[in-house]
Amino acid sequence: MRPSTPSIPDGLAKLADGRDLIGTSEISKVVNVSPKTILKHLHLNGHFYGIQPVKIGKGWQFPIHAIARLIQHGSPNNKSK
């Protein structure tokens with residue numbers, strides 16, 4: 001069963017400005033961590049808290065709907081919810 005597509009919070013929608021993907025520096029602002037932390041997670045785990053990015057050119061791009069799901073529901077490994 002596929003999880004439902006979450007609504008996108010206003011701040012994230014404004015940052016995305018109609019795009020489906022945002023870059024590492026932009027997601028770092030949304031989740032309040034350093035871009036280096038995100039890249040470290042990608043290097044060690046192949047994902048950032050369950051978000052599978054797409055490499056376009058030299059940079060990583062993250063899907064907006066997956067970021068919205070992380071913001072609203074937390075990490076997929078978070079069992080407290």
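The structure is a predicted model, in which local features need pLDDT of at least 70 and side-chain atom pairs count only at pLDDT 80 or more, while totals for chains, interfaces and linings use all residues. Residues are numbered from 1 along each chain as its sequence is written, and side-chain values use heavy atoms, with hydrogens and water left out.

**Overall fold**

- The protein chain has four helices and three strands, where helices (H or I, at least four residues) and strands (E, at least two) are DSSP runs, numbered from the N terminus.
- Along the sequence, these elements follow the pattern α-β-α-α-β-β-α.
- Of the 81 residues of the protein chain, 27% count as buried, a term that stands for under 20% relative accessible area, with exposed meaning over 50% and partly exposed lying in between (1.4 Å probe, protein chains only).
- Among contacts (heavy atoms within 4.5 Å) in the protein chain with a separation of 6 or more, 51% are between residues 24 or more positions apart.

**The sheet**

- Three strands make up an open sheet in the order β1-β3-β2, with antiparallel pairing; two strands pair if DSSP finds at least two bridges between them.
- β1 and β2 (54-56) are the edge strands, each of which pairs on one side only.
- β2 and β3 are joined in the antiparallel sense over three bridges, and Lys-55 has Trp-60 in β3 as its bridge partner.
- Helix α2 packs on the sheet, where it touches β1 and β3, and its direction makes about 90° with that of β1; axes are lines fitted to C-alpha atoms, for helices over the stretch in contact, and angles run from 0 to 180 degrees between N-to-C directions.

**Helix α3**

- In α3 (residues 35-45), Ile-38, His-41 and Leu-42 are buried; they cover an arc of only 100° around the axis, which puts them on the same side of α3, the arc being that of the directions from the helix axis to the C-beta atoms.
- These buried residues of α3 pack against α2 and β3, whereas Lys-36, Lys-40, His-43 and Leu-44 are exposed on the other side of the helix.
- At the start of α3, a side-chain oxygen of Ser-34 comes to within 3.0 Å of the backbone nitrogen of Lys-36, and after the helix comes Gly-46, with a positive phi near 85°.

**Helix α4**

- In α4 (residues 64-73), the buried residues are Ile-64, Ala-66, Ile-67, Ala-68 and Leu-70, and their cover includes α1 (10-16), β1 (21-23), α2 (24-31) and β3 (59-63).

Terms used
A polar contact is a pair of N or O atoms within 3.5 Å; within protein, one must be able to donate a hydrogen and the other to accept it, and residues adjacent in sequence count only if both atoms are side-chain atoms.
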